[in-house]
Amino acid sequence: MPVDRDVRLQEWERRAQPYLFIASIFFLTSYTVRVLVPGLSPGWYVLWETVTVVSWAVFVVEYLARLVFSHDRWHFVRTRWLDLIVTVLPLLRPLRMIDLHERMQLRRAAPGLGLEARVMTYSGLAALLLGYAASLAVYHDERSAPHANIHTFGDAMWWACSTLTTTGYGDATPVTARGRVIAVGLMFVGVALVGAVVGSFSSYLTRRFRQEGER
């Protein structure tokens with residue numbers, strides 16, 4: 001029955017969230033260690049690489065389980081396309097924060113934060129995490145590339161900040177193919193997330209000024 005499948009899907013998603021959160025922490029931590037800690041012994045490198053693979057496997061299994069529980073799998077894939085993207089590319093998992101938060105808010109009688117505050121908080125946090133993940137990925141590819149000008153993780157962080165805010169000073173730019181693909185993706189995401197923060201803040205100020213004027 002479709003109703004039974006929907007109930008099972010919702011129950012699975014509810015129970016899986018804590019495990020996905022833990023797996024996300026392990027994935028980002030293991031990737032950070034493998035990128036930022038030079039000279040790892042073979043044993044430690046294999047350990048952290050195993051943590052990366054296992055945590056990624058958790059994302060894949062959880063997505064496939066939800067696909068099985070769904071009564072219309074093609075509809076699930078079409079409407080939950082973000083879930084598929086962040087499963088294939090786990091470093092983009094911060095993008096799910098907004099979606100997950102909205103589902104949590106729907107279960108509560110009264111949201112804990114106003115709309116503008118929720119958008120600013122979660123969009124800003126998602127932008128920070130994505131910038132950090134992009135910095136790791138670009139630094140991993142660029143640090144040993146010929147003619148690269150991103151030599152340290154600090155350079156990568158500076159590049160991510162200027163890219164997210166669409167400032168683009170040009171003093172640090174990726175030269176590898178994958179680095180440039182990451183840069184293009186971060187540009188689009190940065191416009192959306194930073195625009196959401198700025199737009200929500202402007203909306204908040206407008207509403208407050210209108211309320212003051214009505215008084």
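A residue counts as buried when its relative accessible area is under 20%. By that cut-off S162 is buried, because its relative accessible area is 7%. The model described here is predicted.

**S162 and its contact**
- S162 is located in helix 7.
- A polar atom of the S162 side chain lies 2.9 Å from the backbone oxygen of W159.

**Aromatic pairs of F153**
- A pair of aromatic rings is described by the distance of the centres and the angle of the planes.
- The ring planes of Y132 and F153 stand at 85°, with the centres 5.9 Å apart, so this pair is edge-to-face.
- This pair links distant parts of the chain, since Y132 belongs to helix 6 (residues 115–142) and F153 to helix 7 (residues 153–164), 21 residues apart.
- F153 also pairs with Y139: the centres are 6.1 Å apart and the planes at 65°, so the arrangement is edge-to-face.
- Here too the pair links distant parts of the chain, with Y139 in helix 6 and F153 in helix 7, 14 residues apart.

**Surroundings of the two tyrosines**
- Y132 is partly exposed, with a relative accessible area of 22%.
- Y139 is buried, with a relative accessible area of 13%.
- The face of Y139 has R143 lying over it, at 5.0 Å from the ring centre.

**A ring cluster**
- F27, W56 and F59 are linked into a cluster by ring pairs.

How values were computed:
Residues are numbered from 1 along each chain as its sequence is written. This is a predicted model: local features need pLDDT of at least 70, side-chain atom pairs count only at pLDDT 80 or more; totals for chains, interfaces and linings use all residues. Side-chain values use heavy atoms; hydrogens and water are left out. Rings of Phe, Tyr and Trp (its six-membered ring) pair if their centres lie within 6.5 Å; planes under 30 degrees apart count as stacked, over 60 as edge-to-face and the rest as tilted. Helices (H or I, at least four residues) and strands (E, at least two) are DSSP runs, numbered from the N terminus. Buried means under 20% relative accessible area, exposed over 50%, partly exposed in between (1.4 Å probe, protein chains only). A charge sits over a ring if NZ of Lys or CZ of Arg is within 6 Å of the ring centre and within 35 degrees of the ring normal. A polar contact is a pair of N or O atoms within 3.5 Å; within protein, one must be able to donate a hydrogen and the other to accept it, and residues adjacent in sequence count only if both atoms are side-chain atoms.
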